[in-house]
Amino acid sequence: MTHSAKSVLVFGVYLTLVGATLLIIPNVFLTVIGVENTSEVWIRLSGILLMALSVYYIVAARHNLPIIFKVTACIRCTIIFFFSAFVYLQMMEPVMLIFAAIDFAGATWTYFAMKKEGSW
C-alpha cells in the first residue's frame with residue numbers, strides 16, 4: 001500500500017470511529033465537544049452518513065485510487081474554512097475546529113505523500 005493510500009485508509013478508519021460514536025453513544029460525543037445533549041435522530045443519522053462515507057475511503061485506499069486521493073485532499077482542505085466561518089458566525093462551537101484541523105492535517109498528509117510518489 002502506498003503512503004497516500006495509507007493516509008486515506010487512516011482517515012477512513014477515523015470516520016468509522018467518529019461515525020460509530022455518533023450512532024451508538026452520540027451524547028458522549030456531544031458532551032466532549034461541549035454541545036447540549038440531544039435525543040433527536042439527526043445526530044445518529046450523521047453517524048450513519050460518516051460510516052457510509054468511510055467505506056468509500058477504505059475501498060479507495062485498498063484499491064489505490066489516486067483520483068479519489070486527490071479529490072479528498074482538496075475537499076478536506078476546505079473544511080477548515082467552512083468550520084471557521086461557522087464558528088465566526090456563532091453557528092458552531094470553537095471546539096469543532098479540532099475536527100477541521102484533523103481533516104486539514106490528513107489532507108496535507110495525503111497531498112505530500114502523493115507529491116513524493118509523483119502521483120499529484
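Helices are DSSP runs of H or I with at least four residues, and strands are runs of E with at least two, numbered from the N terminus. Val 71 lies in one such run, helix H4 (residues 66–88).

The model is predicted: local features need pLDDT of at least 70, side-chain atom pairs count only at pLDDT 80 or more, and totals for chains, interfaces and linings use all residues. Residues are numbered from 1 along each chain as its sequence is written, and side-chain values use heavy atoms, without hydrogens and water.

Buried means under 20% relative accessible area, exposed over 50%, and partly exposed in between (1.4 Å probe, protein chains only).

| Residue | Relative accessible area | Class |
|---|---|---|
| Val 71 | 42% | partly exposed |
| Met 96 | 16% | buried |
| Thr 110 | 0% | buried |

**Met 96**

Met 96 sits in the loop between H4 and helix H5 (97–117). Its contacts (heavy atoms within 4.5 Å) include Ile 33 and Phe 83, leaving aside residues up to four places away in sequence. Phe 86 is 10 residues from Met 96 in sequence; the C-alpha to C-alpha distance is 9.5 Å.

**Thr 110**

Helix H5 holds Thr 110. With residues up to four places away in sequence left out, Thr 110 touches Ser 4, Ser 7, Val 8, Phe 69, Ala 73 and Arg 76. Thr 110 counts as buried because its relative accessibility is 0%.
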